[in-house]
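Here is a short briefing on a protein model. Look over the sequence and the fold, then read on.

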Amino acid sequence: AQDGGAADSVVSLRELLGMTSAHEWRRVGVEVPALGEAPNNRIYPHYGVFSPVRGEYVRLVATAHLPKMPTGQTALVAFDIGTGSGVLAAVLVRRGVGQVVATDNDPRALACAQANLTQLGVAAQVQLLKADLYPDGRASLIVCNPPWLPARPGSPIEHAVFDEGSQMLMGFLKGLAGHLAPKGEGWLILSDFAEHLGLRTRAELLEAFERNGLRVVSRIDAKPVHPKVQDAGDALHAARAAEVTSLWRLAAAAAPESAPAP
């Protein structure tokens, strides 16, 4: 023990580097061009909360066509499932979505989102709720960016990247049809990195859509531009070079037509 009574501790280099990066993101913020011009476009991630340094997934949400507002409503209502830093909720408000309900089950993420939404000046349009996936009710747009790798996290900071057993992904798909307003859309933002690593197949993903009463309206793809894509010395270079991040526009599958009376 040290003179002050605190015990020595040992952490892996990987976790130490992650903590260092998290500290810098919290200190200086991450510029998000999809939120507008500097300086009012920075997100300040907290430790263990996914940082929007992978800008392609934010751009997808910032540019995809919004669903039409239902007749009789004065504001488009959206759910942001697993809001994390709050970046996607903020993007939706900046795009003109009138009301966003943003959920997360991690108090650290909710505190992070509240701080970011407040400093961006959009907190009045976003209701933050501690919930395991869905709030009550329905929405015309439901957005979810779950952790992309179906593996077990080894430290708190990895919970933003690893979704053990695809629990969040499958929970989102299971509840989506039941929470969509008529003619509403669910936007699933997901990288195919897990497919290139052999952790999930495209057939399994498509089968999960069908099993949960969903159909694909369209898919919008984007290539990542982070530095590791260009690093040929990286052990996962082949998978990173082939990776595509997609915004899957999902809708409730049409109910089968009733059989004609005999």
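How many disulfides does the structure hold? The answer is zero. This is a predicted model. The protein has 262 residues, and 45% of them count as buried. Its secondary structure comprises eight helices and nine strands. Of the contacts between residues at least 6 apart in sequence, 69% join residues at least 24 apart.

**Cysteines**

- Cysteine 112 is buried, at 0% relative accessibility.
- Cysteine 144 is buried too, with a relative accessible area of 0%.
- The structure holds zero disulfides.

**Nonpolar cores**

- In soluble globular proteins, nonpolar side chains tend to be buried together.
- The largest nonpolar core here counts 54 residues. Val61, Ile142, Phe172, Leu173 and Leu188 have the most contacts inside it.
- Helix 3 (residues 87-94) gives the most to this core: seven residues.
- Another core, of five residues, lies apart from the largest one. Its members include Leu149, Phe162, Phe193 and Ala239.
- Leaving out residues up to four places away in sequence, isoleucine 142 touches Phe79, Ile81, Tyr134, Phe172, Leu176, His179, Leu180, Glu185, Gly186 and Trp187.

**Helix 3**

- The buried residues are Val87, Leu88, Ala89, Ala90, Val91, Leu92 and Val93.
- Just after helix 3, glycine 96 adopts a positive phi of about 105 degrees.

**Helix 7**

- Leu205, Ala208 and Phe209 are the buried residues of helix 7. They cover an arc of only 100 degrees around the axis, so they sit on the same side of helix 7.
- The face turned away from that buried side carries the exposed residues Ala203 and Glu210.
- The cover over the buried residues of helix 7 includes helix 5 (167-179), strand 7 (180-191), helix 6 (193-196), strand 8 (214-222) and strand 9.

**Aromatic pairs**

- A pair of aromatic rings is described by the distance of the centres and the angle of the planes.
- With ring centres required to lie within 6.5 Å, the count comes to five aromatic pairs. In one of them, phenylalanine 50 and tyrosine 57 have ring centres 5.8 Å apart and planes at 55 degrees, so this pair is tilted.
- Phenylalanine 50 is partly exposed, at 25% relative accessible area. Tyrosine 57 is buried, at 2%.
- Phenylalanine 209 and tryptophan 248 form an edge-to-face pair, 5.3 Å centre to centre with 65 degrees between the planes.
- Phenylalanine 209 lies in helix 7 (residues 202-211) and tryptophan 248 in strand 9 (residues 245-252), so their pair ties together parts 39 residues apart in sequence.
- Phenylalanine 209 and tryptophan 248 are both buried.
- Phe50, Tyr57 and Trp148 make up one aromatic cluster.
- What lies over the face of tryptophan 248? Arginine 219 does, at 5.3 Å from the ring centre.

**Serine 246**

- Serine 246 has its place in strand 9.
- Buried or exposed? Serine 246 is buried, with a relative accessible area of 3%.
- The C-alpha atoms of serine 246 and arginine 219 are separated by 6.4 Å, while the two residues are 27 residues apart along the chain.
- Not counting residues up to four places away in sequence, serine 246 touches Leu60, Leu188, Ile189, Leu190, Arg219, Ile220 and Asp221.

**Histidine 65**

- Where is histidine 65 found? Histidine 65 is in the loop between helix 2 (55-63) and strand 3 (77-81).
- Histidine 65 counts as exposed, at 66% relative accessibility.
- Beyond residues up to four places away in sequence, histidine 65 touches Glu185 and Trp187.
- Histidine 65 and arginine 249 are 184 residues apart in sequence. From C-alpha to C-alpha they are 9.9 Å apart in space.

Conventions. Residues numbered from 1 in each chain as written. Predicted model: local features only at pLDDT ≥ 70, side-chain atom pairs only at ≥ 80, totals over all residues. Heavy atoms only, no water. Phe/Tyr/Trp six-rings, centres within 6.5 Å; stacked < 30°, edge-to-face > 60°. Buried < 20%, exposed > 50% of the residue type's maximum accessible area, 1.4 Å probe, protein only. Helix = DSSP H or I, 4+ residues; strand = E, 2+ residues; numbered from the N terminus. Lys NZ or Arg CZ within 6 Å of the ring centre and 35° of its normal. Disulfide = S-S within 2.5 Å. Core = buried A, V, L, I, M, F, W, Y, C linked by side-chain atoms within 4.5 Å. Contact = heavy atoms within 4.5 Å. Arc of directions from axis to C-beta.
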